[in-house]
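Visitor: I would like to learn how to read a model of this kind. Where should I start?

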Amino acid sequence: CPVISKMPSSADRQTKTKKAEKGKEKKKDDNVVPFRNKQRVLVFGTRGITAQQRHLMLDLRRLLPHSKKDPKLDIKDNLSVINSIAEMKSCNNCIFFETRKYQDLYMWVSKAPNGPTAKFHVTNIHTMSELKLTGNCLLGSRPLLSFDKEFDRTPYNQFLKELFTQAFGTPKGHPKSKPFIDHILTFSLCDRRIWFRNFQIVEDSSNGSTETKLVEIGPRFVLQLIRIFNGGFGGETLFQNINFISPNEVRRYEKKRTLEYVDRVKTSQVSKKLKKEEHFVLNDYSDVFN
């Protein structure tokens with residue numbers, strides 16, 4: 001009797017095609033760098049931040065392809081809750097923006113969940129939408145990190161350099177990053193503060209010879225270190241900046257100085273008025289020696 005061969009079913013054909021596709025993908029992915037350095041950073045803030053501060057937070061999220069977001073936190077006293085949030089998001093770094101009195105912005109940079117943590121006061125904020133600079137970079141590209149040579153001189157500056165490297169440095173081979181390096185993040189130390197800038201790397205070949213230039217993109221902000229804690233968002237104080245003056249004390253001093261100025265103006269006005277009203281009373285013997 002003739003032998004009838006069994007026809008392959010549709011399920012068998014689908015499995016064969018899937019295996020062939022997987023084999024092709026493996027051949028293509030041989031040149032792709034594996035994602036081993038799994039650094040992820042959680043970037044979010046508290047409720048009550050102003051529009052400018054919120055735009056700064058969004059700009060940092062755009063610059064960091066390995067970042068994750070979370071809804072605004074409504075707790076201001078017990079910040080250790082952030083460690084559990086970072087663990088739930090599978091993040092081992094955290095950048096947290098805390099606002100006080102709807103005007104003072106503080107930035108916490110932490111290695112979640114065990115620390116250490118650095119707390120900064122953020123001033124001179126300028127977002128990308130405010131600056132409107134000519135620089136531009138590819139969304140998701142990996143940045144170069146440039147640090148001032150002053151970071152290598154003191155132990156706490158060396159610690160800050162390593163903390164910024166792990167938080168702002170996009171790992172090689174991250175799934176959300178693109179294999180391009182077209183911008184540079186600079187951290188400069190001046191006047192006991194850290195100045196943050198973002199530049200585009202441009203290669204100009206108009207004169208025949210290629211020249212590398214830097215064009216600023218934004219954002220800009222200045223960080224002043226307050227404290228370094230041993231744990232995640234708390235714990236023992238490892239370093240405290242003696243030169244830091246809180247914004248409340250600055251406002252109190254300015255208010256006191258304005259009040260003193262107002263008091264001086266009032267006293268001078270009163271003295272001028274009294275001088276005008278001064279007059280001598282004539283008596284009956286005033287013409288004796290005339």
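Visitor: What does the protein chain average in pLDDT?

Guide: The average is 84, and 83% of the residues score at least 70. This is a predicted model, so local features need pLDDT of at least 70 and side-chain atom pairs count only at pLDDT 80 or more, while totals for chains, interfaces and linings use all residues. Residues are numbered from 1 along each chain as its sequence is written, and side-chain values use heavy atoms, with hydrogens and water left out.

Visitor: How should I read helix α2?

Guide: Helices are DSSP runs (H or I, at least four residues), numbered from the N terminus. The expected span is 1.5 Å times one less than the number of residues. Helix α2 has 13 residues, 51–63, and should span 18 Å; its end C-alpha atoms lie 19 Å apart, which agrees.

Visitor: Which residues of α2 are buried?

Guide: Buried means under 20% relative accessible area, exposed over 50%, and partly exposed in between (1.4 Å probe, protein chains only). In α2 the buried residues are Q53, L56, M57, D59, L60, R61 and L63.

Visitor: How many salt bridges does the structure hold?

Guide: Side chains of opposite charge can pair when their charged atoms come close. A salt bridge here is a side-chain nitrogen of Lys or Arg within 4 Å of a carboxyl oxygen of Asp or Glu. The structure holds 10. One of them joins R62 to D59, with the closest N and O atoms 2.7 Å apart.

Visitor: Where do R62 and D59 lie?

Guide: An α-helix has 3.6 residues a turn, so residues three or four places apart point the same way. R62 and D59 are both in helix α2, 3 residues apart, about one turn. D59 is buried at 4% relative accessibility, whereas R62 is partly exposed at 48%.

Visitor: Which residues are linked in a network of salt bridges?

Guide: R197, E216 and R220 are. Between E216 and R220 the closest N and O atoms are 2.6 Å apart. E216 is buried, with a relative accessible area of 15%, and R220 is partly exposed at 25%.

Visitor: Which residue forms a salt bridge with D191?

Guide: R193 does, the closest N and O atoms being 3.5 Å apart. D191 is exposed at 54% relative accessibility, and R193 is partly exposed at 25%.

Key. pLDDT is the predictor's confidence in each residue, from 0 to 100. Helices (H or I, at least four residues) and strands (E, at least two) are DSSP runs, numbered from the N terminus.
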